[in-house]
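Subject: Structure handover and notes

Dear colleague,

Please find the structure below, followed by my notes on what turned up in it.

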Amino acid sequence: MNESSWGAPPHTGPQAGYWGPTDQGPVQGAAPAGPAYDAPKAQHTRPMPIVPEGPAYGGDQDDDRGAARLSGPLFRDETPQAPTPGAVQQNPEPMPDAPQPAPPPQKKSAGRDLGAAIGVGVGLGVVIIASLFVVKAVFVGVIAVAVVVGLWELTSRLQERKGIKAPLVPLALGGAAMVVAGYVRGAEGAWVAMALTALAVLVWRMTEPPEGYLKDVTAGVFAAFYVPFLATFVALMLTADDGPWRVLTFLLLTVVSDTGAYAVGWRFGKHKLAPRISPGKTREGLVGAVSFAMVAGALCMQFLIDDGAWWQGLVLGLAVAGSATLGDLGESMIKRDLGIKDMGTLLPGHGGIMDRLDSLLPTAPVVWLLLVLFVGSG
């Protein structure tokens with residue numbers, strides 16, 4: 001290897017800055033060697049490597065001086081050397097995230113203002129009990145008012161969310177007449193009033209343009225059947241000699257069923273009953289509804305209904321739990337289709353009137369029929 005190669009010892013003569021062999025003597029006028037080139041101190045200095053020109057730097061590929069190709073960490077084809085023990089790596093592997101403490105369990109929420117709900121419930125109970133046992137006709141008026149308000153809520157939501165214009169005027173008049181006819185003329189009067197209400201809906205809607213006629217009258221007939229016709233069975237129960245006690249049994253069983261479903265489902269509910277319809281309802285809640293309603297039914301039939309038996313109350317409670325649950329799910333389907341949480345805001349803590357009638361309406365014909373089968377129409 002000649003002295004022009006990388007690693008050749010530097011010349012320490014008078015011409016210390018010259019690289020390459022020479023056989024000449026000292027050059028006159030040459031600058032004396034500085035302290036950096038003194039022999040005693042040269043061993044303490046570290047010469048900087050000379051990077052040859054190449055394609056990467058814009059120079060020729062062949063070095064005129066025959067300098068050897070450098071190798072070092074600047075070149076990618078260099079095999080990396082083992083890191084020095086104790087040295088800190090430049091790009092260490094990312095450390096896994098430290099385990100975070102589990103968040104504290106959150107308390108279950110009822111989802112509504114329980115104080116307002118209880119207050120409104122007690123107030124409604126006082127009105128119902130007072131009208132039920134003082135004058136039957138007053139309670140019939142309470143049913144009619146609830147029907148009219150429920151129809152107003154239902155038709156308003158249909159128009160707001162779906163653009164369906166079910167005629168409210170014939171529905172409200174026919175619904176109130178349906179309840180009164182059921183109380184005065186029995187089941188026959190209720191059916192006649194239902195037919196006339198449907199006919200009034202068809203005629204009333206003819207006064208507007210024909211666009212949407214079919215969906216509007218269909219929704220109107222559905223509303224007439226769903227709210228006032230089913231509510232008429234409460235008036236039919238009231239016509240019996242022990243009518244107030246039958247109505248009270250109907251109300252108690254429905255409320256107890258809903259309460260049992262809520263209490264057991266809130267505390268123990270884990271398995272969804274119908275997640276696509278009502279995610280809050282659980283199978284455990286349904287078991288609670290059936291259990292509570294059957295016990296309450298046995299007590300009511302034994303002590304409140306004339307000629308009733310406790311085993312009949314078990315059957316009645318089971319039927320009430322089933323119909324109340326289906327009624328609740330049915331209105332949940334309607335509200336999901338409409339994209340709303342509640343039908344109204346009239347009752348603080350409860351929503352609207354229809355949100356309280358959802359389980360009562362389909363339960364009324366079930367209770368009326370079973371009581372007629374067990375103890376007669378009396």
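**Aromatic rings**

Trp191 is exposed, since its relative accessible area is 54% and exposed is the word used for values over 50%. Please keep in mind, here and below, that this is a predicted model. Phe229, by contrast, counts as buried, with a relative accessibility of 4%.

A search through the whole structure returns seven aromatic pairs. One of them joins Trp191 and Phe229, whose ring centres are 4.6 Å apart and whose planes make an angle of 55 degrees, so that the pair is classed as tilted.

Phe225 counts as partly exposed, its relative accessibility being 40%. Taken together, Trp191, Phe225, Phe229, Phe233 and Trp368 form one aromatic cluster.

**Helix 3 against helix 5**

How do the axes of helix 3 and helix 5 cross, and at roughly what angle? The axes of helix 3 (residues 136-162) and helix 5 (residues 213-238) come within 10 Å, and they cross at roughly 160 degrees. The two helices are therefore roughly antiparallel to each other, the term being applied to angles over 145 degrees. The crossing in which helix 3 passes helix 5 is right-handed.

On the side of helix 3, the contact is made by Lys136, Phe139, Val140, Ile143, Val147, Leu151, Leu154, Leu158 and Lys162. Helix 5 contributes residues including Lys215, Phe222, Tyr226, Pro228, Ala231, Val234, Ala235 and Leu238. Sorted by class, the contact of these helices has 17 nonpolar residues, three charged ones and no polar ones.

Ile143 counts as buried, at 9% relative accessibility, and, leaving aside residues up to four places away in sequence, Ile143 touches Val179, Ala231, Val234 and Ala235. Ile143 and Ala235 are 92 residues apart in sequence, while their C-alpha atoms are 8.0 Å apart in space.

Technical notes
Residues numbered from 1 in each chain as written. Predicted model: local features only at pLDDT ≥ 70, side-chain atom pairs only at ≥ 80, totals over all residues. Heavy atoms only, no water. Axes fitted to C-alpha atoms, helices over the stretch in contact; angles between N-to-C directions. Helix = DSSP H or I, 4+ residues; strand = E, 2+ residues; numbered from the N terminus. Parallel < 35°, antiparallel > 145°, perpendicular 65-115°, else oblique. Left-handed = near helix turned anticlockwise from the far one by under 90°. Contact = heavy atoms within 4.5 Å. Nonpolar A, V, L, I, M, F, W, Y, C, P; charged D, E, K, R; others polar. Phe/Tyr/Trp six-rings, centres within 6.5 Å; stacked < 30°, edge-to-face > 60°. Buried < 20%, exposed > 50% of the residue type's maximum accessible area, 1.4 Å probe, protein only.
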